Amino acid sequence: MVFKLSLAAVAATFALSVVAMPTSLHSLTTSLFPRGGEGEPFECPDPSSTAAAKQALIDYGAQSVDIAIAMLENGCAFHAAYPAGNNKPDDAAELGVYRNNWHMIREYCDHFQGAGPSEWQSRGQELHDDVGLATQCQRQLFSKLGADKFFGLQRGGVSNQGAGAEYGQFVGKYQGFCKSHMKDGMAIYWNVASM
């Protein structure tokens, strides 16, 4: 037996799933998707808030690569727009506006050195909620690791550092855009495979 689905049936099913989506996930999804096509600059829904959030990161010491990573990971939000840990435990837990994993943070960020893998919830929440501390750690991570090792650990964790090469290329695309849009309400989007 062969089933045929019309485009209208698929679209209706998708529309129902979006309507039924929890508010926070729906808000996150709409903030991440562009108003144009992939690789096309667009104005964020609240451009003045986006510009202010970018400026706050810059005031904390963020460079264009950091703004690029924050945009890639959170769209127009420029804060940790996902739950602490992102449903990953211990060293795999993702934290902060730059979505770094707890292993990187506790090994290379001075503020968290000496913390254990299971402390991601108690100590990691501080970084998740504080863009200033997240930016301080981001700068230390990038400085201590260098770009290649940073991208490998950030994207693939300890077990799959080879995953960082493609991620680094996407960050480069975002960074090229961000160099001209460090302080405005504009963003850009490319479809990057999730971690």
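**Entry 1: H4 against H7**

I began with a crossing: H4 passes H7 in a left-handed one. I am working from a predicted model. I then looked up which residues make this contact. From H4 they are Val-65, Asp-66, Ile-69 and Glu-73. From H7 they are Gln-138, Arg-139, Phe-142, Phe-150, Phe-151, Gln-154 and Arg-155. I sorted the contact of H4 with H7 by class and found five nonpolar, two polar and four charged residues.

Next I took the geometry. H4 covers residues 64–74 and H7 covers residues 131–156. Their axes come within 12 Å and cross at roughly 45°. Angles of 65 to 115 degrees count as roughly perpendicular and those under 35 as roughly parallel. H4 and H7 are therefore oblique to each other.

**Entry 2: H4 against H8**

I stayed on H4 and turned to H8, residues 164–178. The axes of H4 and H8 come within 8 Å and cross at roughly 110°. The two helices are therefore roughly perpendicular to each other. H4 passes H8 in a right-handed crossing.

I listed the contact residues. H4 supplies Ser-64, Val-65, Ile-67, Ala-68, Ile-69, Met-71, Leu-72 and Glu-73. H8 supplies Tyr-167, Phe-170, Val-171, Tyr-174, Gln-175, Phe-177 and Cys-178. By class, the contact of H4 with H8 divides into twelve nonpolar, two polar and one charged.

**Entry 3: H4 against H3**

I checked H3, residues 47–59, as another partner of H4. H3 and H4 pack at an angle of about 140°, and their axes are 10 Å apart. Roughly antiparallel needs an angle over 145 degrees. H3 and H4 are therefore oblique to each other. H3 passes H4 in a right-handed crossing.

The contact uses Lys-54, Leu-57 and Ile-58 of H3. On the H4 side I noted Ile-67, Ala-70 and Met-71. The contact of H3 with H4 holds five nonpolar residues, no polar ones and one charged.

Is Gln-140 buried or exposed? Gln-140 counts as buried because its relative accessibility is 15%, and the cut-off for buried is under 20%.

I then looked for what Gln-140 touches. Leaving aside neighbours within four places in sequence, I found Tyr-108, Cys-109 and Asp-110. For Asp-110 I noted the polar atoms too. A polar atom of the Gln-140 side chain lies 2.7 Å from the backbone nitrogen of Asp-110.

**Entry 4: the loop between H4 and E2**

I moved to the loop between H4 and strand E2 (94–95), where Asn-86 has its place. Not counting residues up to four places away in sequence, Asn-86 touches Glu-94 and Arg-99. I also took a C-alpha distance. Asn-86 and Asn-101 are 15 residues apart along the chain, and their C-alpha atoms are separated by 9.9 Å.

Asp-90 lies in the loop between H4 and E2 as well. I looked up its backbone: phi of Asp-90 is near 50°, a positive value in a residue other than glycine. Asp-90 is partly exposed, because its relative accessible area is 35%.

**Entry 5: Arg-99**

Arg-99, one of the residues touched by Asn-86, came next. Arg-99 is found in the loop between E2 and strand E3 (100–101). Phi is positive here too, about 55° in Arg-99, although Arg-99 is not a glycine. Arg-99 counts as buried, because its relative accessibility is 12%.

**Entry 6: His-128 in H6**

I looked up His-128, which lies in helix H6 (residues 124–129). His-128 is buried, with a relative accessible area of 8%. Which residues does His-128 contact, leaving aside neighbours within four places in sequence? I found Ala-80, Tyr-82, Pro-83, Ala-84, Glu-94, Leu-95 and Gly-96. Glu-94 had already come up as a contact of Asn-86.

**Entry 7: the whole chain**

The protein chain has eight helices and four strands. From the N terminus on, I read the elements as α-α-β-α-α-β-β-α-α-α-α-β. Of the 195 residues in the chain, 45% are buried. I also looked at contacts between residues at least 6 apart in sequence. Of these, 62% join residues at least 24 apart.

Key. Residues are numbered from 1 along each chain as its sequence is written. This is a predicted model: local features need pLDDT of at least 70, side-chain atom pairs count only at pLDDT 80 or more; totals for chains, interfaces and linings use all residues. Side-chain values use heavy atoms; hydrogens and water are left out. Axes are lines fitted to C-alpha atoms, for helices over the stretch in contact, and angles run from 0 to 180 degrees between N-to-C directions. A crossing is left-handed if the near helix is turned anticlockwise from the far one by less than a right angle, and right-handed if clockwise. Contact means heavy atoms within 4.5 Å. Ala, Val, Leu, Ile, Met, Phe, Trp, Tyr, Cys and Pro count as nonpolar, Asp, Glu, Lys and Arg as charged, and the others, Gly among them, as polar. Buried means under 20% relative accessible area, exposed over 50%, partly exposed in between (1.4 Å probe, protein chains only). A polar contact is a pair of N or O atoms within 3.5 Å; within protein, one must be able to donate a hydrogen and the other to accept it, and residues adjacent in sequence count only if both atoms are side-chain atoms.
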